[in-house]
Amino acid sequence: MNLVNHQFRLAARPVGMPKRSDWSYTEEPVRDPGEGEVLVKLIYISLDPAMRGWMNEGKSYIAPVAIGEVMRAGGAGRVIASKNPKFAVGDYVYGGFGVQEYALSDGKSLTKVDTKLAPLPIYLGTLGMPGMTAYFGLLDIGQPKSGETVVVSGAAGAVGQVVGQIAKIKGCRVIGIAGGPEKCRYVLNDLGFDAAIDYKSEDVKKSLGKHCPKGVDVYFDNVGGDILDAVLTQLARGARIVICGAISQYNNTGPIKGPSNYLSLLVNRASMKGMVVYDYADRYAEAAREMAGWLLAGKLKSREDVVAGLDTFPETLLKLFKGENTGKLMIKVAEA
């Protein structure tokens, strides 16, 4: 096909924040698909906080990316060659393609999408892994009830924005914790949260006390660290804490900061449980149907932060850890 594929491969295990020298930018010819395979031209690549953990060596819920491997990432694109009867040239799909321009797949992990129902980027955000994380983490683990108070950190991010909106749909009072006045305005004015706490300029513990006079019933944690500790001091009896992520800790060069106020779980008969979205893979379609209905009805909004150019990957990824993105961060690799 005379196509050249550019890729980012992991060259070294990062210490602290990843830097460009932790990657090698390589190129190789694109081969034709074999029997049962499809060739996909990537249009968007998803950037997610979990990618930082995948770069580390050690036991986790998924094997680390090996040195020399194409960096793991979700993506969405168009089939440009197929020897798989389930996929035709021109089909739009999403799956785990990696940080590259083209990907070959046996089709088993690909999902066809209809861009007439929703724009392609939404299938990497609200109708993709972040949306599934929000849906199952909140509803299955958090189990919010109408009238309860739900707090979500990282509220302007890909997962947090969906968590808060689903909690509102379920009749809850929602407080978002975000960094900076612009993000706080976004969760209040665009997403319809009841209150926003700017952790960069406010005392989070005091603000939680003001906005949650009866305590926090459900806390959806995306950041860990000091904010988790602050929320632990404000729990209502029977509170549920969903541990989704801890982005404040991912680039630590020393020990991870654990919760010092964990005895609040005992005092308040509360629970704290971790969640990994892959555990719900057999139920993704269920969540996608319901959230697509909310999107069409205008009950659920989706925002994407799109940066152009595969070559920007090392720097664009850091936006997640510097708190510079609002909504779902992704790279646009090519035109549709």
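Student: Is K19 buried, partly exposed or exposed?

Tutor: The model is a predicted one. The relative accessible area of K19 is 44%. Buried means under 20% and exposed means over 50%, so K19 counts as partly exposed.

Student: How many residues apart in sequence are the parts tied together by E315 and R20?

Tutor: The side chains of E315 and R20 meet in a salt bridge, 2.8 Å from N to O. E315 lies in helix α9 (residues 313-322), whereas R20 lies in the loop between β1 (4-10) and β2 (23-29). E315 is partly exposed at 43% relative accessibility, and R20 is partly exposed at 40%. The pair therefore ties together parts whose separation in sequence is 295 residues.

Student: Which residues are joined into one network with R283?

Tutor: R283 and E286 meet through their side chains in a salt bridge, 3.1 Å from N to O. R283 is partly exposed, with a relative accessible area of 27%, and E286 is partly exposed at 31%. Salt bridges that share partners join R283 into one network with D140 and E286.

Student: Which element gives the largest share of the lining of the second largest pocket?

Tutor: This pocket holds about 890 Å³ of space. Of its 35 lining residues, the closest to its centre are Y94, Y123, L127, G128 and M129. Elements that each supply at least two lining residues are β4 (74-82), β5 (92-96), β7 (111-113), α2 (129-142) and α8 (284-296). The largest share, seven residues, comes from α8.

Student: How many residues in that lining of the second largest pocket are nonpolar?

Tutor: The lining is divided by class into nonpolar, polar and charged residues. Eight are polar and five are charged. The nonpolar count is 22.

Student: What is the area of the nonpolar surface patch that includes L266?

Tutor: L266 lies in helix α7 (residues 263-267) and is exposed, with a relative accessible area of 63%. Patch residues need over 30% relative accessible area, so L266 passes that cut-off at 63%. Together with Y262, L263 and V267, L266 makes a nonpolar surface patch of about 440 Å².

Technical notes: Residues numbered from 1 in each chain as written. Predicted model: local features only at pLDDT ≥ 70, side-chain atom pairs only at ≥ 80, totals over all residues. Heavy atoms only, no water. Patch = residues over 30% accessible without salt bridge, like charges linked within 9 Å, V, L, I, M, F, W, Y side chains within 5 Å. Areas by Shrake-Rupley, 256 points an atom, 1.4 Å probe, with all protein chains shown as cover. Salt bridge = Lys/Arg side-chain N within 4 Å of Asp/Glu carboxyl O. Helix = DSSP H or I, 4+ residues; strand = E, 2+ residues; numbered from the N terminus. Buried < 20%, exposed > 50% of the residue type's maximum accessible area, 1.4 Å probe, protein only. 1 Å grid on protein atoms, 1.4 Å probe; cavity = no way out; pocket = protein on both sides within 12 Å on 5 of 7 lines; lining within 4 Å. Points joined across faces, edges and corners; volume = space filled by probe spheres on them. Nonpolar A, V, L, I, M, F, W, Y, C, P; charged D, E, K, R; others polar.
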